[in-house]
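Have the sequence and the structure open as you read.

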Amino acid sequence: MKRLLLSTLLLAMVGTTYADIQAPPASEYTATRKLGRAIGNIFYGIEELPVTILRWNSEEGNYAGYSVGLVEGFTRTFTRMGYGLYELVTFWAPTYKCTYRPPYQGSCGRSGLREYNPWSGFTEFPEEIGYQSKNPYSRVGD
């Protein structure tokens, strides 16, 4: 009886430790996600241009928005599209630190990556233009 109880207890402990290591932090990044990220960066990378112009416009004014923002927007657009082409060609291989995580600086994710900095880094997927949940949909204080 003691052997049965001891083996059951040992099996339960081994089972829980085995279950704990089944989902490592980078498990949400797969080849399929990398392929989707590549396609999104290629097709929607152009959205970096107006987003960067608007960001510079709101922070520094119109002149900065339509001069520095325009140049930086084109730079960010072509950089994002370049990463998209790179990830499209290598989507089947874990290239960044032997994982499928995005290789660009400032990526945000739930698995311990750095926080996103809109001035120097890129999000995992391109930013959206238009109606977003972070924008107010109604007027406040008429």
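A salt bridge here is a side-chain nitrogen of Lys or Arg within 4 Å of a carboxyl oxygen of Asp or Glu. Arg-80 and Glu-48 form such a bridge, with their closest N and O atoms 2.9 Å apart. The model is predicted. Searching the whole structure gives three salt bridges.

**The salt-bridge network**

- Arg-80 sits in helix α4 and Glu-48 in helix α3, so their bridge ties together parts that are 32 residues apart in sequence.
- Glu-48 also meets Arg-76 in a salt bridge, at 2.9 Å from N to O.
- Glu-48 belongs to helix α3 (residues 48-60) and Arg-76 to helix α4, so this pair joins parts 28 residues apart in sequence.
- Glu-48, Arg-76 and Arg-80 are thus named together as a network of salt bridges.
- Are these residues buried or exposed? Glu-48 is buried at 2% relative accessible area, Arg-76 is buried at 5%, and Arg-80 counts as buried at 1%.

**The bridge between α2 and α4**

- Arg-37 pairs with Glu-87 in a salt bridge, the closest N and O atoms being 3.1 Å apart.
- This pair links distant parts of the chain: Arg-37 is in helix α2 and Glu-87 in helix α4, 50 residues apart.
- Arg-37 counts as buried, at 0% relative accessibility.
- Glu-87 also counts as buried, at 0% relative accessibility.

- Helix α2 (residues 31-44) has 14 residues, which should span 20 Å at 1.5 Å a residue; the end C-alpha atoms are 20 Å apart, in agreement.
- Which residues of α2 are buried? They are Lys-34, Arg-37, Ala-38, Gly-40 and Asn-41.
- The buried residues of α2 pack against α4.
- Thr-32 and Phe-43, on the other side of α2, are exposed.

- Phe-74 and Phe-78 are four residues apart in helix α4 (residues 62-89), which means they are separated by about one helical turn.
- Phe-74 is partly exposed at 36% relative accessible area, whereas Phe-78 is exposed at 57%.

Key
Residues numbered from 1 in each chain as written. Predicted model: local features only at pLDDT ≥ 70, side-chain atom pairs only at ≥ 80, totals over all residues. Heavy atoms only, no water. Helix = DSSP H or I, 4+ residues; strand = E, 2+ residues; numbered from the N terminus. Buried < 20%, exposed > 50% of the residue type's maximum accessible area, 1.4 Å probe, protein only. Expected span 1.5 Å × (residues − 1). Contact = heavy atoms within 4.5 Å.
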